[in-house]
Amino acid sequence: MTTRSRPAGVQIVGSGSALPERRLTNADLEKLMDTSDEWIVQRTGIHERRLHDKNDPYPTSSLGAKALRAALDDAGMAPTDLGLILCATMTPDSPTPAVSCRIAAQLGCGTIGAMDINAACSGFVFTISLAHELIAGGLYDSVAVVGVDTVTRHCDYSTFGRGAAILFGDAAGALILRKTDDPAPGLIAQAMHSDGDGARALYIPSGMSQIVDAQPDERMNDKIQMNGQKVFKFAVSKFPEVIEETLALAGLAPPEVDHYVCHQANARILEAARERFGLPESKLRVNIHRVGNTVAGSCPLVFDELKKDGQIKPGQKVMFIAFGAGLTWGASLWQL
Ligand code: UT7
């Protein structure tokens with residue numbers, strides 16, 4: 001956990017997002033597995049999600065590049081104006097190279113630094129705090145933070161895999177952070193947590209090595225595995241806890257934050273948090289019904305939607321919050 005005084009201001013100067021064209025509705029899922037629209041909507045709030053272009057050999061990089069291009073346009077910046085790209089993802093197109101390197105090449109960013117960070121659904125929230133420090137500490141003038149995942153590549157759309165498959169969708173979002181002479185904007189407080197003892201609550205077994213001692217079943221290989229109830233219990237406790245922790249570090253009360261930009265994992269979890277902190281619907285945007293759980297793409301996508309709707313204004317306070325595999329959870333509170 002961290003709270004700090006800032007020597008230099010850091011401003012969020014642009015945002016962008018990208019959703020694939022292809023839709024997967026609950027009605028489509030009913031044809032693939034034993035499930036129903038009613039079950040999915042009641043338990044998760046999801047109606048449809050998006051699927052990457054299956055003819056694209058690099059779907060994660062392509063979506064990330066599209067989101068970053070939009071963010072650069074929003075900021076009025078050229079790709080060569082960037083100093084560094086950090087990409088939060090748990091679904092790179094291949095183990096190496098990093099998605100961020102392909103994004104830099106696709107956009108023509110030159111030879112700037114580029115690297116990926118994996119903290120699953122919490123990845124974007126962790127990374128935006130790190131990016132802030134790289135600017136505030138004087139190493140860079142501008143850093144792009146991309147959150148992107150194409151986790152549907154790891155979903156088993158049969159009745160065997162239905163517990164997790166119905167949740168996820170593909171998306172990307174990106175923010176551009178830039179140094180400013182105004183010391184006011186920037187990170188107010190942040191928290192990052194992990195608990196590796198919960199690793200098996202949500203994971204993707206690869207090469208069978210992780211599943212032989214658990215439950216050897218070929219169908220699990222490379223497909224996302226989730227103990228839904230365990231993750232649900234973890235989420236409903238840690239999600240409000242980390243909000244409280246970050247508010248306490250900042251010395252703020254819940255109404256003093258203008259937007260809670262939350263990872264969209266389940267509409268019920270979001271609603272429970274909103275009620276607990278007594279927040280109006282306008283302060284905690286929910287888009288999961290349209291896109292599903294988009295992992296590291298989730299928070300920047302919500303932020304970009306708010307910005308496009310004219311809800312994001314200078315001087316506001318915005319808290320990004322996420323939780324996910326690892327297990328990981330965290331928050332990043334900003335003064336815009
Ligand atoms: O980014 C973080 C990622 N994940 C999360 O935040 C997920 C948190 N967990 C959840 O959101 C919920 O646990 C789920 C929505 C995934 C599942 O809801 P649940 O109320 O916990 O259901 P359950 O896993 O306890 O399953 C209840 C029943 C079971 O049948 P029986 O044993 O009662 O006969 C399941 O086999 O529902 C069955 N089931 C389904 N039925 C229809 C499981 N998946 C499905 C499905 N359609 N897709």
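Predicted model: local features only at pLDDT ≥ 70, side-chain atom pairs only at ≥ 80, totals over all residues.
Q: What is the strand order in the open sheet?
A: The order is β2-β8-β7-β5-β6. That is five strands, with mixed pairing.

Q: Which are the edge strands?
A: β2 and β6, the latter covering residues 113–117. Each of them pairs on one side only.

Q: And the twist, what does it average?
A: It averages 20° from one strand to the next.

Q: Let's take β8. How does β2 pair with β8, parallel or antiparallel?
A: Antiparallel, over nine bridges. Strand β2 spans residues 9–18.

Q: Which residue in β8 stands opposite alanine 18?
A: Alanine 172.

Q: What about β7 and β8, parallel or antiparallel?
A: Antiparallel again, as with β2 and β8. β7 covers residues 142–149 and pairs with β8 over eight bridges. Within this pairing, valine 143 has leucine 177 of β8 as its bridge partner.

Q: How many residues of β8 are buried?
A: Eight of the 10, counting residues 171–180. So strand β8 is largely enclosed by the rest of the structure.

Q: Now the other end. In which sense do β5 and β6 pair?
A: In the parallel sense, over five bridges. β5 is residues 84–88. Leucine 86 has methionine 115 in β6 as its bridge partner.

Q: Which strands does helix α5 touch?
A: β2, β5, β6, β7 and β8. Helix α5 is residues 123–136 and packs on the sheet. Its direction makes about 170° with that of β7.

Q: And α3, which strands does it lie across?
A: β2, β5, β7 and β8. Helix α3, residues 59–75, runs at about 130° to β2.

Q: New topic: aspartate 304. Where is it found?
A: In helix α10, which spans residues 298–308.

Q: Buried or exposed?
A: Aspartate 304 is buried. Its relative accessibility is 2%, and the cut-off for buried is under 20%.

Q: What does aspartate 304 touch?
A: Ser15, Gly16 and Ser17, leaving aside residues up to four places away in sequence.

Q: Which side chain does aspartate 304 join in a polar contact?
A: The side chain of serine 15, at 2.6 Å.

Q: What about glycine 16, which of its atoms lies 3.5 Å from the aspartate 304 side chain?
A: The backbone nitrogen of glycine 16. The distance runs to a polar atom of the aspartate 304 side chain.

How values were computed. Residues numbered from 1 in each chain as written. Heavy atoms only, no water. Buried < 20%, exposed > 50% of the residue type's maximum accessible area, 1.4 Å probe, protein only. Helix = DSSP H or I, 4+ residues; strand = E, 2+ residues; numbered from the N terminus. Pairing = 2+ DSSP bridges. Polar contact = N/O pair within 3.5 Å; in protein donor to acceptor, adjacent residues only side chain to side chain. Contact = heavy atoms within 4.5 Å. Axes fitted to C-alpha atoms, helices over the stretch in contact; angles between N-to-C directions.
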